[in-house]
Amino acid sequence: MLKTEDNEMLVRVGPKTPMGDLMRMYWLPFLLSGDVPVDGQPYRVRLLGEDLVAFRDSNGRIGLVDQACPHRGAPMVFARNEEGGLRCVYHGWKFNVDGHCQEMPAEPENTPMLNRVRLKSYPVRERNGVLWAYMGPDENPPELPSMEWNMVSQENVHVSMRIQDCNWLQALEGEIDSAHAAILHGRVDSGGSIDQWKQAADLTPKFEVVQHAGGVHVASRRKLGEDKNYIRVNQFLMPFWTLVPPFSQYPELSGHAWVPIDDEHTLCIMFSYHPTQPFYEKTRQLFVSGHNGRETGHASENSFEQRPVTHPYHTYWSKYNRANAYGYAPELAEKYNAGMPGLWLQDAACQSGVLPIYDRSKENLGLSDSGVIRTRRVLLETVKKLHTDGVRPLSVDDPSKFLMRAISITVPADADWMELGGEFMRAEPGKDFGYAP
């Protein structure tokens, strides 16, 4: 279990909170490039409890600025994006992507306010169809993290986004928990492809957890007959990344960025990719459209409800949520272990179905929770060192610490998976799996 005060430290991410300060040291993926067309309407964003708008100006530059005009607080989501800046519709004050005020129509031409007034802004970088924000203290931000999924060709990857109604850590912990997959996502009649997974053959794996400079290896060891073990190594990377091994006949690497919107909502950015070849078109279509009304690990285009533009992430709210039991239906429960129509819904229901911030002091953790326990410990140690001693995590300034892969390998019984799998866990764009997933 986690003490209440430690739980509070980990889930509170607003300005001037210890975890919020840690998060702000890293680049945060926060939108897809297509969400902000040139001179298009500003897009409402909330990150780490701060309300912002994103826009692309006439020259293609991206701005991420305060949602409220510094004149009299009018909402900048209604601003006109034109001629290189955002013009507030209330009094016409105009700001560029850096937050500098360019025009104040109702004020004298030589008003000193023109040079003094700023709209809060944050640096943004764009790479392979994804927008990244830096909200930290450094005047010269670090390099973008070397996340392989965002460095391969865009034709090699599928990226989706959705909102989840719980704190970021509850969401993240579900993906480093390798014990749940074959159980939660299995079928009552054992008739689905998930029940044919190798991990379904041994529901009592042994867990081996190894900390490294960028995060934590979470390995599960399952028996395959008398002389072989099936090893799956999930990855946690600071501060909110998880990586999942391949497992299907169409092997791909996947994972999430669990980016905190605020204390009770998480932006779930999922990526699936092949390191060396274009992504499987059949799989991409399943991710986009779902399968016979069921969701995959990605949120399909049919799973969203449109909200007003004044809502943060108005295009990414799911129509499945706590209020409607994530689509639970008794007839589905007769066929599937969890009666929700799809994989990510089953995960979301377990991670956020009780409360947006669960009291972890009530938990009873077992050996299968070893990865969750170590990850919490690493996060607590890191945030306390930063808060009390000013010690920066190594991965903040070294993007290579993110060059990591999750793996699924078969090895001789009781073999050293770190020794046999070490090279396979090292990511490098253009490098194939190196083994048969």
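At 36% relative accessibility, alanine 325 counts as partly exposed, a class that lies between buried (under 20% relative accessible area) and exposed (over 50%), computed with a 1.4 Å probe on protein chains only. The model is predicted, so local features need pLDDT of at least 70 and side-chain atom pairs count only at pLDDT 80 or more, while totals for chains, interfaces and linings use all residues. Residues are numbered from 1 along each chain as its sequence is written, and side-chain values use heavy atoms, with hydrogens and water left out.

Most residues other than glycine have a negative phi, and most peptide bonds are trans. Alanine 325 has a positive phi near 60° and sits in the loop between helix 6 (281-289) and helix 7 (330-333); helices (H or I, at least four residues) and strands (E, at least two) are DSSP runs numbered from the N terminus. Aspartate 39, which is not a glycine either, has a positive phi of about 55°. Its loop connects strand 1 (27-32) with strand 2 (43-47), and aspartate 39 is partly exposed at a relative accessible area of 34%.

A cis peptide bond links methionine 238 to proline 239, with omega near -10°. Proline 239 is found in the loop between strand 15 (228-237) and strand 16 (241-244).

Turning to annotation, an unreviewed UniProt entry places the feature "domain: Rieske" at residues 27-133; such positions follow the numbering used here, feature names are shortened, and annotations may be inferred rather than shown by experiment. In the model, this span is 4% helix and 41% strand, and its end C-alpha atoms lie 6 Å apart.
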